[in-house]
Amino acid sequence: MINIDIGATAVAVLTLFGIYSLMAISLNLEYGVAGVPNFGKALFISIGAYTAGITYTRTLPLLAGFEAIHPCGPTMGGALQLRSEIMASQPAAGFINLALTFLIAAAVAGAVGFAVSYITLRLKEEWFLALVLLVGGETVRIVVRGADDFICSHNGISGVAQPFYFVEDPRSSALLFMLLALALALLAYVYSQRLIHSPYGRMLKGLREDEDITRGLGKGVSLARAQIMAVGSVIAAIGGALFALNTGFVNTNDYVVNLTLDVWVMVVLGGIGNNRGALLGALLIALLDRFTQIGAIALNMSGSELEFNYVRFIAFGLILIWMLRNRPGGLLPESRLTTNAHDVAKGLIGR
Amino acid sequence: MPPALLTTSLVNTIQIGSLYALMALGITLTFSVMKLPNFAHAEFVTAGAYAALIVSLSGVLNPLAIMAAAFVVGALTALISHIAVFKPLENREVSLYTLILASFAVGLIIRYILFLMADYFNLFDLRIGIPLTILFREGSLILSNLFAWVVPTSILLVILLTLLLNATPLGREMRALANNSILARVIGIPVERVKNYTWLLVGGLAGVAGALWGLQSAVNPLMGWAAIISVFAAAILGGLSSFSGTILGAYVVAFSENTLMLFLNFNFGVDLAYKPAIPFIIIIAVLLLRPQGFTEIFRRAGDLDR
């Protein structure tokens with residue numbers, strides 16, 4: 001049998017939970033609340049990750065007072081060593097670089113999200129947006145992979161260390177990173193809760209339920225859609241940057257359609273339109289992820305030929321279908337929205 | 001670019017385009033009759049390819065028998081997906097996005113079941129081993145019996161499908177359903193039965209496409225998924241409703257991926273790594289600039305939205 005370090009596993013699961021929460025909350029804002037079918041989640045997540053790949057290789061050495069070494073090709077090893085040394089010895093440079101990563105990722109992803117929503121205005125059928133986003137994500141992935149110097153094509157960038165890498169004890173370092181991920185997730189949760197429960201949030205739900213009526217009520221539907229795509233994309237990109245830091249690699253192979261589906265599973269499982277549901281979905285998927293990994297290792301060590309990692313995807317598919325068929329609202333369905341106006345109206349009717 | 005390369009790439013265009021056409025017609029048919037953009041179509045192709053591979057490994061080397069096995073397995077996979085997943089969802093009148101998501105999930109399940117199977121029995125990257133003979137050789141251009149199987153079979157099946165759609169009662173019922181499902185139900189068309197037959201047909205054709213694909217290149221669990229975007233590009237070029245448009249679209253996509261890509265590579269130094277981006281660019285461009293695809297060019301036999 002294998003020994004499972006319960007503390008380390010818990011930290012790993014909670015870190016993943018924080019990162020997945022950011023992704024799930026962003027999709028919940030876009031699809032759950034505003035009804036925009038973002039099947040290009042991997043694109044916006046990857047913007048965060050690619051930004052991390054670029055800042056770690058370009059700005060980090062500059063911030064630490066070194067000359068940047070070209071990250072790809074023959075100087076790859078030297079550049080990687082320089083990155084690791086800076087991250088281990090100069091925490092300040094690491095943190096400033098991380099802040100820079102978040103800023104650039106948020107700006108780029110927000111702008112792309114805002115611009116992409118413009119496409120809907122031109123499409124014949126609404127679901128084409130889903131297709132355009134899906135396909136757009138893959139196109140960007142292929143172009144980034146093809147561009148040699150960007151993030152070193154198919155080699156990717158390794159040594160994208162998390163900012164607490166300088167802490168010598170690996171357990172406390174992982175713990176601190178977990179706290180960072182959870183704090184950002186909490187921030188996103190509080191922000192999106194406030195957004196949903198504002199008049200603007202109710203307008204977004206109106207957009208989801210019936211676009212024409214919402215427009216008829218004098219709301220700027222197209223602008224609202226662009227805004228919520230921008231907000232969702234910023235959150236997703238922050239999640240993507242953390243995702244890259246958590247694995248330590250930036251590689252185009254991670255940002256495929258399956259990642260988009262993972263985020264959709266979280267939201268559908270937890271509850272479409274309900275942020276708590278999105279958090280629950282993120283937690284369950286983080287747990288499932290970790291335990292299928294442990295299961296795969298245990299099965300391999302017991303000498304079985306069966307590749308357990310494939311079972312993860314089958315399980316995901318089955319969960320998704322079962323939920324869509326039997327619990328379309330998710331585990332925590334969206335609750336009825338009531339405002340003061342409801343209470344006043346009830347009082348007037350006398351009920 | 002050298003003429004030898006040009007002819008080889010044109011042969012590839014015809015061969016791959018025929019396969020794309022076979023697959024894309026399934027997408028168009030599912031979308032028209034069932035109102036479902038079915039991403040699990042890719043996995044019907046892969047399932048058919050594996051059925052063909054297993055039959056060929058068991059010693060049956062007759063291409064017709066291999067294709068028949070692929071047809072049956074593809075058709076059953078499609079029908080089971082319909083009964084287990086799509087029908088219950090349609091009955092609940094869920095949104096289109098739910099259906100798209102469900103089709104992804106169905107594809108995911110089939111794909112990774114095939115992965116498990118291929119891993120367990122070591123069936124990765126094998127070719128369906130019918131004996132190879134060279135029919136024609138002229139310089140660097142070689143036509144084997146594979147070409148003679150793939151191209152005529154695809155074209156024949158496309159013609160048969162068009163005939164079925166235009167000249168049989170089932171085809172008429174399918175077109176009625178595609179045109180207006182409520183009206184079709186009102187005039188007494190057995191909607192459920194027609195849908196079942198459509199799924200069998202779509203899955204079967206996808207399965208045969210998988211078998212033909214496996215004849216020319218290796219069978220692996222990702223083969224259908226790897227082609228699905230090209231196939232969707234072809235179907236979207238056909239406006240997702242026109243048969244002739246879809247067939248033309250399939251050859252256009254295959255041409256851009258093979259001949260045009262080589263041309264760009266030779267004359268402008270575009271890296272061949274960008275080849276997978278071509279269908280994506282086609283899809284985005286068509287959806288944005290000309291969402292009706294080729295439908296207005298072809299307003300003739302075989303169109304589903306007449």
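**Salt bridges and a two-chain contact**

Okay, let's start with one residue: Glu209(A) is exposed, with a relative accessible area of 59%. For the cut-offs, buried is under 20% relative accessible area, exposed is over 50%, and partly exposed is in between, using a 1.4 Å probe and protein chains only. Its partner is Arg208(A), and the two side chains meet in a salt bridge at 3.0 Å, N to O. That arginine, Arg208(A), is partly exposed at 25%. By salt bridge I mean a side-chain nitrogen of Lys or Arg within 4 Å of a carboxyl oxygen of Asp or Glu.

Quick housekeeping. This is a predicted model, where local features need pLDDT of at least 70 and side-chain atom pairs count only at pLDDT 80 or more, while totals for chains, interfaces and linings use all residues. Residues are numbered from 1 along each chain as its sequence is written, chains are lettered from A and ligands numbered from 1 in the order in which they are written, and side-chain values use heavy atoms, with hydrogens and water left out.

Back to the charges. Side chains of opposite charge can pair when their charged atoms come close. How many salt bridges are there over all chains? The count is 10. Chain A also has a network of them, linking Glu211(A), Asp212(A), Arg215(A) and Arg225(A).

Over in chain B, Glu43(B) and Arg111(B) meet in a salt bridge at 2.8 Å, N to O. Glu43(B) sits in helix α2 (residues 41–57) of chain B and Arg111(B) in helix α4 (residues 96–121) of chain B, so the pair ties together parts 68 residues apart in sequence. Helices here are DSSP runs of H or I with at least four residues, strands are runs of E with at least two, and both are numbered from the N terminus. Are Glu43(B) and Arg111(B) buried or exposed? Both are buried.

Next, Glu90(B) and Lys195(B): their closest N and O atoms are 3.2 Å apart. Glu90(B) is in helix α3 (residues 63–91) of chain B and Lys195(B) in helix α8 (residues 191–216) of chain B, so this pair ties together parts 105 residues apart in sequence. Glu90(B) and Lys195(B) are buried too.

One more glutamate. Glu257(B), in helix α10 (residues 243–268) of chain B, is buried at 8%. Its side chain makes a polar contact with that of Tyr20(B), at 2.8 Å.

Now the contact between the chains, which takes 43 residues from chain A and 45 residues from chain B; contact means heavy atoms within 4.5 Å. About 4,000 Å² is buried between chain A and chain B, with carbon and sulfur atoms giving 80% of that area. And salt bridges between chain A and chain B? The count is 0. On the side of chain A that touches chain B, α4 (91–122), α5 (128–146), α10 (257–270) and α12 (309–326) of chain A each supply at least two residues. Which of the helices gives the most to that side? That's α5(A), with 12 residues.

Finally, chain A as a whole. Its secondary structure comes to 13 helices and 2 strands. The C-alpha trace of chain A spans about 75 × 45 × 35 Å along its principal axes, and 52% of the 351 residues of chain A count as buried.

Terms used
Buried area is the accessible area (1.4 Å probe) that two parts lose on being put together, summed over both. A polar contact is a pair of N or O atoms within 3.5 Å; within protein, one must be able to donate a hydrogen and the other to accept it, and residues adjacent in sequence count only if both atoms are side-chain atoms.
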